[in-house]
Amino acid sequence: MATKMNSGSIFDAPDLRREFEKVGISLHFIPFIWKYVIKNPNCEWDDIPNLPSAAYSLLRSKFRTLSSTLDSIVESNDGVTTKLLIKLQNGAFVEAVIMRYDTRLGKYGGKPRPGGLRSTLCISSQVGCKMGCKFCATGSMGFKNNLSSGEIVEQLVHASYLSQIRNVVFMGMGEPLNNYTALVEAIRVMLGPPFQLSPKRITVSTVGVIHAINKLQKDLPGLNLAVSLHAPVQDIRCHIMPAARAFPLEKLMDALQLYQKNSQQKIFIEYIMLDGVNDEEQHAHQLGKLLETFQVVVNLIPFNPIGSLSQFRTSSEEKVSRFQIILRGDYNIRTTVRKQMGQDISGACGQLVVNLPDKKSINGITDIEDLHL
């Protein structure tokens with residue numbers, strides 16, 4: 001029998017289903033249990049009404065209501081960004097970031113946009129990351145471990161106490177497609193009751209793990225795919241993203257063509273602007289030619305300096321603007337410039353890194369997205 005210390009998260013759906021099936025408990029009780037736990041995070045298992053008697057002893061012996069704890073909350077001066085530091089059962093930390101938007105501030109077709117306040121949650125899928133991108137603080141941590149599906153879902157649970165989450169983006173710490181099984185299980189939980197998120201409001205970002213891209217489309221149709229491209233040619237990509245050697249640009253574009261054909265959806269392209277590295281007019285033309293046969297939205301991301309780690313500089317606003325004009329004007333590619341949120345709390349794109357040698361200092365998270373959904 002598992003002890004309380006190493007029992008799993010109730011949100012680890014495969015484990016919970018397997019244990020219930022073993023003793024003949026109906027799986028229909030699972031969403032009810034999740035809903036009760038979300039509404040009553042400090043509950044004991046015996047507090048939940050109307051479960052079969054076998055369920056209570058099973059839950060007590062094998063599961064915890066929440067296996068992670070919210071260690072700290074850091075609010076940005078911008079008033080709309082909140083960073084959550086979450087402590088996992090194994091003592092490691094991950095970060096998640098809430099970004100709040102008022103859709104009425106924008107215009108759509110020349111008229112004020114409908115809607116109102118909404119929140120996007122940027123979720124981590126791993127502790128650290130194997131990809132080692134040179135512009136990203138998370139890459140400097142190295143890879144520590146994968147999160148379980150329950151630990152991924154619990155980030156949404158913790159955040160939901162602070163804000164009503166409408167969109168989820170997997171752009172926090174880690175490469176989501178390197179933790180494929182847990183990612184898919186976690187998203188399936190988010191799509192079902194009691195969370196009921198729409199697949200259109202979930203975005204998975206990848207550096208381009210080719211073999212997993214089309215598998216994802218089959219396993220979870222309707223999601224948004226964001227690709228961290230960051231360079232229009234393979235040699236620049238390899239220079240700033242060492243993992244790109246394993247994912248040649250030509251093969252990646254072939255995989256994306258197939259993904260687009262099968263999904264009939266736009267693909268979001270993330271492109272971090274590094275001064276003198278990938279932000280010249282020639283790079284804009286190379287990127288335009290690379291993407292002109294695709295239905296894409298290119299999101300240009302101003303680089304966030306990351307202290308002593310940084311060997312790069314931020315592109316000037318003029319360069320970013322010129323890059324955008326070329327993509328839009330010459331290639332008719334929809335191109336946005338990411339609004340920076342949470343830089344002062346190391347919660348902006350590329351800044352997510354947890355470095356806790358003394359268990360007190362908090363240093364930051366990785367990729368964040370505003371997809372203007």
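Predicted model: local features only at pLDDT ≥ 70, side-chain atom pairs only at ≥ 80, totals over all residues.
Q: Which residues form a nonpolar patch on the surface?
A: Ile73, Tyr161 and Leu162 form one, with about 250 Å² of accessible area together.

Q: Where is Leu162 placed?
A: Leu162 is in the loop between helix H4 (149-160) and strand S11 (165-170). Its relative accessible area is 35%, so Leu162 counts as partly exposed.

Q: What percentage of the residues is buried?
A: Buried residues account for 56% of the 373 residues.

Q: Turning to the fold, how many helices and strands are there?
A: The protein has 10 helices and 16 strands.

Q: What is the strand order in the open sheet of 10 strands?
A: The order is S3-S4-S5-S8-S11-S12-S13-S14-S15-S16, and the pairing is mixed. Strand S3 (69-75) and strand S16 (334-337) are the edge strands, each pairing on one side only. From one strand to the next, the twist averages 25°.

Q: In what sense do S15 and S16 pair, parallel or antiparallel?
A: Strand S15 (residues 296-302) pairs with S16 in the parallel sense, over four bridges. Val298 stands opposite Thr335 in S16.

Q: Which strands does helix H5 touch?
A: Helix H5 (residues 180-191) packs on the sheet and touches S11 and strand S12 (202-206). The direction of H5 makes about 165° with that of S12.

Q: And where does helix H8 lie?
A: Helix H8 (residues 249-263) lies across strand S13 (224-228) and strand S14 (267-273), running at about 170° to S13.

Notes: Residues numbered from 1 in each chain as written. Heavy atoms only, no water. Helix = DSSP H or I, 4+ residues; strand = E, 2+ residues; numbered from the N terminus. Buried < 20%, exposed > 50% of the residue type's maximum accessible area, 1.4 Å probe, protein only. Patch = residues over 30% accessible without salt bridge, like charges linked within 9 Å, V, L, I, M, F, W, Y side chains within 5 Å. Areas by Shrake-Rupley, 256 points an atom, 1.4 Å probe, with all protein chains shown as cover. Salt bridge = Lys/Arg side-chain N within 4 Å of Asp/Glu carboxyl O. Pairing = 2+ DSSP bridges. Axes fitted to C-alpha atoms, helices over the stretch in contact; angles between N-to-C directions. Contact = heavy atoms within 4.5 Å.
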